Amino acid sequence: MAQQQQLDDGKQVIFGLISLDRGELLFVLVHSLSIVCAAGFYVAKNHQLLSTDALHRIAAVLGILFLSVIFGSNVLYIILQVGLAWLILSTVRDSRSAAILILIDSMAILCYLQVKRIMQKDLGTVDFTAPVMISTQKLTALAFSLHDYSRKDRDRLPEENQRLMVEKKPTLLQLASFVFFFHGVVVGPISFYSEYIHFMEEQPLNFKARGRKRALVRHMLLTLVLVSLMLVLAPRWQPDTLLDYAQQRPFLVRVFLTYLVMMVARLKYYFAWNLGSCIQLAAGYGYDRQKEDWTGIKNVSIMGLETATSMRSYIDAWNTSTNAWLRLLAYSRLPPKFKMIGTFVLSAMWHGFYPGYYFTFLFAVPTTVAARRIRRIFRPRFLAANQLLLYHVITWFCTQLILAYIVVPFTLLHLNLVLSYYHGTMMWTGHIVVFVALAATFVLPAPPRSKVDSQTGAKASTTVGSALAASEDKKTE
């Protein structure tokens with residue numbers, strides 16, 4: 001008994017020294033082990049030491065094992081999802097019906113876990129619904145990609161839908177390997193079945209795909225930088241700072257603190273996604289055949305997001321694999337009037353049922369509409385005055401501040417905390433600004449589209465960096 005107590009005390013000391021709790025430590029250890037296993041997987045695959053079926057089994061077994069270590073018995077929910085999806089694909093002949101049924105049962109299991117998470121008072125630092133969110137994406141994307149191939153009008157589908165189409169239903173082993181693929185099973189980035197099966201069945205790896213080691217080293221170095229920043233800054237700049245500390249400060253200080261705290265909050269996502277990318281690169285997965293580089297597993301563009309000058313460029317740089325999934329399931333299929341709201345609602349339901357999610361996603365709809373209308377009115381004026389760089393600086397400043405304001409509920413989650421921030425700290429300022437700006441766009445006249453604007457509109461810069469580059473190019477012409 002005394003030895004057990006000493007062991008427990010030793011564990012607590014270790015956890016305290018490295019500023020990680022048990023869940024976070026298991027997360028890091030499992031992913032570190034995953035990199036080692038991925039390197040072995042790469043050697044076995046590249047030198048054809050194992051058959052494709054053996055590789056599928058290894059990918060699935062290791063994924064289930066790693067999930068069990070971090071999330072315990074919750075891995076059974078993903079096994080249930082896979083079993084139901086396999087049963088539906090095997091028995092339902094109509095591909096559209098099968099896709100809808102898989103969407104319903106996968107989302108139902110996920111929603112049950114999201115409710116379970118709400119009922120759990122101590123959320124912990126590792127979200128046990130995260131791997132189920134990923135498995136839901138994989139299974140539903142596979143089902144709709146199978147349906148897309150069976151459609152008579154598949155040639156008229158968006159290019160991305162055509163690229164992700166799946167002709168042949170997977171075997172149970174292939175399905176389990178795809179869902180439990182240990183390289184990205186915990187936090188992603190997610191892979192789509194057409195890309196995954198091409199990777200698994202390509203023997204040996206394409207040696208024309210150069211640069212994997214350089215990409216892996218860059219991602220590993222970036223991951224080390226991110227985890228260092230996170231361990232130093234995150235304990236000091238928690239979202240609670242906006243409720244306790246900021247309320248006592250002048251309004252402009254509150255605005256700046258909102259931007260700072262949300263920037264720090266993004267570090268854990270940057271870290272997790274880059275760590276996931278390291279694992280997949282170590283396994284030789286992630287080569288983009290269209291771009292001919294190793295950005296196929298890149299889930300976030302940090303510079304693109306931090307320098308974004310519009311809602312669209314901000315969203316495009318964030319969680320890109322989930323954006324692709326939302327386009328595949330919702331945006332490309334819904335009627336034009338419901339594309340935006342339907343996509344935001346699906347995204348909110350996929351994330352869970354905390355009120356904070358819905359504050360973020362629903363307010364993003366009028367913000368996006370206002371941003372589009374403002375751009376149509378003001379950008380041509382700056383362009384005509386040869387002040388496009390100034391326009392990008394202003395739009396970067398506004399985009400970063402308003403989006404920091406929008407995503408605060410995403411981190412606070414609970415209704416009382418969200419209202420405390422919006423009402424007590426910020427007095428609904430962001431909402432007022434957005435709706436006033438939206439109303440103003442119906443009054444202000446839009447200038448006629450100039451010849452210059454029509455020529456450069458398709459190439460418009462979306463970040464401050466690209467705007468500076470465009471400005472320098474123009475000077476040298």
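Reader: With which residue does Arg151 form a salt bridge, and how far apart are the closest N and O atoms?

Author: Please keep in mind that this is a predicted model. A salt bridge is read from the distance between a side-chain nitrogen of Lys or Arg and a carboxyl oxygen of Asp or Glu, with 4 Å as the cut-off. Here the partner of Arg151 is Asp153, and the closest N and O atoms are 3.0 Å apart. Arg151 is partly exposed, with a relative accessible area of 24%, and Asp153 is likewise partly exposed, at 30%.

Reader: How many salt bridges does this rule give?

Author: The count comes to eight salt bridges. One of them pairs Arg333 with Asp148, whose closest N and O atoms are 2.9 Å apart. This pair links distant parts of the chain, 185 residues apart, for Arg333 sits in the loop between helix H16 (320-331) and helix H17 (339-351), while Asp148 belongs to helix H6 (residues 130-150).

Reader: How many residues apart are Glu160 and Arg163 in helix H7?

Author: They are three residues apart in helix H7 (residues 159-163), and therefore separated by about one helical turn. Elsewhere, salt bridges that share partners join Asp148, Arg151, Asp153 and Arg333 into one network.

Reader: Which residues gather in a patch of positive charge on the surface?

Author: A patch of this kind is built from residues without a salt bridge, like charges being joined within 9 Å. In this model the patch consists of Arg214, Arg218, Lys291 and Lys298. Among them, Lys291 lies in the loop between helix H13 (267-282) and helix H14 (302-306), and this lysine counts as exposed because its relative accessibility is 57%.

Reader: Turning to His431, is that residue buried or exposed?

Author: His431 counts as buried because its relative accessibility is 13%, where the cut-off for buried is under 20%. This histidine lies in helix H21 (residues 429-441) and, leaving aside its neighbours within four places in sequence, His431 is in contact with Phe363, Tyr405 and Tyr422.

How values were computed:
Residues numbered from 1 in each chain as written. Predicted model: local features only at pLDDT ≥ 70, side-chain atom pairs only at ≥ 80, totals over all residues. Heavy atoms only, no water. Helix = DSSP H or I, 4+ residues; strand = E, 2+ residues; numbered from the N terminus. Buried < 20%, exposed > 50% of the residue type's maximum accessible area, 1.4 Å probe, protein only. Patch = residues over 30% accessible without salt bridge, like charges linked within 9 Å, V, L, I, M, F, W, Y side chains within 5 Å. Areas by Shrake-Rupley, 256 points an atom, 1.4 Å probe, with all protein chains shown as cover. Lys, Arg positive; Asp, Glu negative; His and termini not counted. Charge placed at Lys NZ, Arg CZ, Asp CG, Glu CD. Contact = heavy atoms within 4.5 Å.
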